[in-house]
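Subject: Structure handover

Hello,

Here is the structure for your files. Please open it first, then read the notes below.

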Amino acid sequence: MRQQGRAGGPSRGKENFSCTTHTTAMPKMDSATFKRLLMKANGYLQSLEFDKALQISKKLLAHNPKNIQALELQSTVALETDDSETALECLNKAIDLQPGRNHRLYLSKAQIVSGKESLECYQAAISILLEEIRKSNESNPSDTTAMETDVASTNVNTSSSSGLDTSIPKSDVSLERELSSVYCSVAELFFTDLCDEPEAEDSCKRVFESALETDPSNPEAHITKARYLTIIGECSEAQAVLQASRALWAVEVQGDGTKSSDLSASLRLATAKLFIELEMHDDAQDILDSLLDESEQVVEVHYLLGWNCYLQGEEHHADALQHLKDAKKCESRFPCDDPQLVEHIVDLLSELGYDSDSGSDSDDDWTDAEDEDQIERDILKQAGDDDSDLES
């Protein structure tokens, strides 16, 4: 069973740095200062100020070379700046210092490595999470029924085997939800890197069933099951799974007309592709609209909106043309590293009667949210409303 890997988005500029610390011993930083700087660095990560986060992470490691949080911070900065070599170096050092204890370290490493090695990382994370859940439920054994699944459910004969992303779980997510999502990530491996293994289909089925058993309210588990059913050709069953779990993943319309979802952006993108494949076009539109409301700078979102409209027939081709033109303009400003996607955009535009090289609809017509806010500020200022202060 094989599923095409997801297209990559625009890559960030790469920072070259290492988690290797200074050879000259630095005085150890006191706990209060360390915590403040760590919080500040995490704030910079949230605001995408990676250079500032990098500088703090370097200082934290210089003063605390064996601190797991400092190593994890620097690995995260490295991943965000496409420096997988440094990220892996930091993660390996942290795992060596704290083997079998921090599941996040293994999940982060699973993003970087592939195939059997990635599977082993996920299995290690699963073992740690199962143990944490068992410990947390010791005082209430009646709640542990769903935790009877074992790490063995992820095993497969990979003697000749060759990952998809899994975001680092947030601290406010329950252990059961984290474990369920890790099972889903293992299923992704069997969709992709390990798809040619003899037991791939059965192994995939076991892990998404473990995901559902661990946390039946996890929308990712239901979506993963639907993807599995689609891959093996059971499309009507896949549609039924998605319809039955609609309350878990449905997009909500906000008071200002925008659409939002609790699903991560990467999961929504994968789900939109699944909806398009299953001809659930309205649901695909809602998911993609929610992504567009968050950012207009992702080429693939514009492209999928256009492709979704195109597949619905001629009465939707005008909308398809506009979305595909937006995709082409977006790609000129925020280059996409998927040449096949860009080529398909050009082919579809040509089929719809638009010459993408004609120069009409120039890039100067493109505006993103910040541009539009500035335009509105200027108009209000010219109208004499000097006190207007729009939130960006």
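Start with Trp-307 and Tyr-310, which both lie in helix H14, three residues apart, about one turn of the helix. Helices here are DSSP runs of H or I with at least four residues, strands are E runs of at least two, and both are numbered from the N terminus. An α-helix has 3.6 residues a turn, so residues three or four places apart point the same way.

Two notes on the source. This is a predicted model: local features need pLDDT of at least 70, side-chain atom pairs count only at pLDDT 80 or more, and totals for chains, interfaces and linings use all residues. Residues are numbered from 1 along each chain as its sequence is written, and side-chain values use heavy atoms, with hydrogens and water left out.

Aromatic pairs

Rings of Phe, Tyr and Trp (its six-membered ring) pair if their centres lie within 6.5 Å; planes under 30 degrees apart count as stacked, over 60 as edge-to-face and the rest as tilted. The count by this rule is three aromatic pairs. One of them joins Phe-208 and Tyr-228: the ring centres are 4.9 Å apart and the planes sit at 50 degrees, so this pair is tilted. The pair links distant parts of the chain, with Phe-208 in helix H8 (residues 200-214) and Tyr-228 in helix H9 (residues 219-231), 20 residues apart. Phe-208 and Tyr-228 are both buried. Buried means under 20% relative accessible area, exposed means over 50%, and partly exposed is in between (1.4 Å probe, protein chains only).

Trp-307 and Tyr-310 form a stacked aromatic pair, 5.6 Å centre to centre with 15 degrees between the planes. Trp-307 is partly exposed, at a relative accessible area of 22%. Tyr-310 counts as buried at 15% relative accessibility.

Leu-304

Leu-304 is also placed in helix H14. Its relative accessible area is 4%, so Leu-304 is buried. What does Leu-304 contact, leaving aside its neighbours within four places in sequence? The partners are Leu-269, Lys-273, Ile-276 and Leu-288. Contact means heavy atoms within 4.5 Å. Leu-304 and Leu-269 are 35 residues apart along the chain, and their C-alpha atoms are separated by 9.0 Å.

Helix H13

Helix H13 covers residues 281-294. Its 14 residues should span 20 Å at 1.5 Å a residue, and its end C-alpha atoms are 20 Å apart, which agrees. The expected span is 1.5 Å times one less than the number of residues. Buried residues in H13 include His-281, Ala-284, Ile-287, Leu-288 and Leu-291. The buried residues of H13 pack against helix H11 (246-249), strand S2 (259-260), helix H12 (265-277) and helix H14 (299-310).

Salt bridges

A salt bridge is a side-chain nitrogen of Lys or Arg within 4 Å of a carboxyl oxygen of Asp or Glu. The structure holds 10 of these salt bridges.

- Glu-72 and Arg-104: their side chains meet in a salt bridge at 2.9 Å, N to O. Glu-72 lies in helix H3 (residues 68-80) and Arg-104 in helix H5 (residues 103-112), so the pair ties together parts that are 32 residues apart in sequence. Glu-72 is buried at 10% relative accessible area, whereas Arg-104 is partly exposed at 29%.
- Asp-289 and Lys-259: their side chains meet in a salt bridge at 2.9 Å, N to O. Asp-289 is in helix H13 and Lys-259 in strand S2, 30 residues apart. Both residues, Asp-289 and Lys-259, are buried.
- Glu-294 and Arg-268: their side chains meet in a salt bridge at 2.9 Å, N to O. Glu-294 is in helix H13 and Arg-268 in helix H12, 26 residues apart. Glu-294 is partly exposed at 49% relative accessible area, whereas Arg-268 is buried at 3%.

Cysteines

A disulfide is a pair of cysteine sulfur atoms within 2.5 Å. How many disulfides does this rule give? The count is zero. Cys-336 is in no disulfide; the nearest cysteine sulfur, that of Cys-330, is 9.0 Å away. Cys-336 counts as buried at 13% relative accessibility. Cys-90 is buried too, with a relative accessible area of 0%.

Whole chain

The chain has 17 helices and two strands. Of its 392 residues, 45% are buried.

Best regards
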